Amino acid sequence: MKSVEVFAPATIANVSCGYDVLGLALETPGDKVVMHLNESKEITLDRIEGDEGRLPKDPAKNIVTAVVKYYLDQLGLQQGVSVELYKQMPFGSGLGSSSASAVAGLVAINELMGAPLSRKELLPLAMEGERLACGNAHADNVAPALLGGLVLIRSYDPLDVISLPYPENLFCAVLYPHVEIPTSEARKILKTHIPVSDAVKQWGNVAGLVAGFFTQNIDLIGRSMEDHIIEPIRAMLIPGFYEMRQLAMENGAIGFGISGSGPSVFALCDNEATGTEILEKLSDLLKKEGIGSNKYLSPINQAGPIIR
Ligand code: HSE
């Protein structure tokens, strides 16, 4: 019987100003899927750990088995598969939890079938998983989770995805406040129309951020990490958001923003020690308000999913 174990990473979607078009992969946390081929024609979900009993056990509804079925259907394959999912990151946290699970599942089944699809070819399938998870097939979590590194989705139709360079030694200090915000809800509250004056500021910053990453210009990256459209609305859902931003910036962050749809926030730092100090201060601040948090400090993950 053939088996494989795949780790797929958490991601920071949007990277501040790039709503739905920018995302980066973290080295930690992430989810693990173990998959076995068998002689049946069934896809079964044999074990889920780390979800506190909250994820659907029905293979038609669980994101991992659903994308595995979608993969096999797309390739016209009938194959018995049993799946184990080990959740190693919180849900509804803004860290791309469902994307990590879906990507781990897709990379695992693709590997077991002899890797007929490249990681880039798996992307549209992973986006379908995202549609199942939150009702919208955005790619700014699944693309970096699949490809690693920092990714730009220049266009959705046709899909045009570009891996960007970035300076070495960047660290993401991520704080997950213990408040749950489902992505679907955090998308519903956004405006559907924006003034051109806000759009001008936003595309100036997105272009500045991409230019900053290309030229390794830390100051340009920092001053481009400003979101005039999404953050002001979602910040209201995150306890102490502006106090956390001020604290992070006063303590040496390059920039600060909401990770994905929140409530996690992240400080981009140019060294590990600064990230560690900022995380301590942010979690202390929330503790005083009676809010618990998880801290993650990670470089950008260049490799993407790991097959074991
Ligand atoms: N770009 C998406 C959003 C990411 O901000 O809604 C969700 O994780």
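In which helix is the place of N205? N205 lies in helix α6, residues 196-215; helices (H or I, at least four residues) and strands (E, at least two) are DSSP runs, numbered from the N terminus. The model is predicted: local features need pLDDT of at least 70, side-chain atom pairs count only at pLDDT 80 or more, and totals for chains, interfaces and linings use all residues. Residues are numbered from 1 along each chain as its sequence is written, and side-chain values use heavy atoms, with hydrogens and water left out.

**N205 and its surroundings**

- N205 counts as buried because its relative accessibility is 11%; buried means under 20% relative accessible area, exposed over 50%, and partly exposed in between (1.4 Å probe, protein chains only).
- Leaving aside neighbours within four places in sequence, N205 is in contact with C17, R223, S224, E226 and H228, where contact means heavy atoms within 4.5 Å.
- The side chain of N205 also reaches the backbone oxygen of E226 at 3.2 Å.
- That approach is a polar contact, defined as a pair of N or O atoms within 3.5 Å; within protein, one must be able to donate a hydrogen and the other to accept it, and residues adjacent in sequence count only if both atoms are side-chain atoms.

- Strands of a sheet pair through backbone hydrogen bonds, either parallel or antiparallel.

**Strand β9 and its partners**

- β8 pairs with strand β9 (residues 265-269) in the antiparallel sense over 4 bridges.
- Within this pairing, G257 stands opposite F266, and F256 stands opposite A267.
- β8 and β9 form a hairpin with 6 residues between them, and G260 in the turn has a positive phi of about 55 degrees.
- β7 and β9 also run antiparallel and are joined by 5 bridges, with V265 in β9 as the bridge partner of L175.
- In a regular strand the side chains alternate between the two faces of the sheet.
- In β9, V265, A267 and C269 point one way, while F266 and L268 point the other way.
- Because 5 of the 5 residues of β9 are buried, the strand is largely enclosed by the rest of the structure.

**The ligand and its surroundings**

- Which residues surround the ligand? They are A13, N14, Y19, D20, H138, D140, N141, T183, R187, R234, G260 and S261; a residue is near a molecule if one of its heavy atoms lies within 4 Å of it.
- A side-chain N or O atom of N14 is 2.8 Å from an oxygen atom of the ligand.
- D140 has a polar side-chain atom 2.6 Å from a nitrogen atom of the ligand.
- R234 has a polar side-chain atom 2.7 Å from an oxygen atom of the ligand.
- Of the 260 Å² of accessible area that the ligand has on its own, the protein covers 98%; accessible areas come from the Shrake-Rupley method with a 1.4 Å probe, and for residues only the protein chains shown count as cover.

- A143 is found in helix α4 (residues 142-147), and it counts as buried because its relative accessibility is 0%.
- Apart from neighbours within four places in sequence, A143 is in contact with L123, G148, V151, I153 and V161.
- Strands β5 (residues 150-156) and β6 (residues 159-164) pair in the antiparallel sense over 6 bridges, and I153 stands opposite V161 in β6.
- A hairpin connects β5 to β6 through 2 residues.

**N251 in a loop**

- N251 is placed in the loop between α9 and β8.
- The side chains of N251 and K281 are joined by a polar contact of 3.0 Å.
- Not counting residues up to four places away in sequence, N251 touches T274, E277, I278 and K281.

Technical notes:
Two strands pair if DSSP finds at least two bridges between them.
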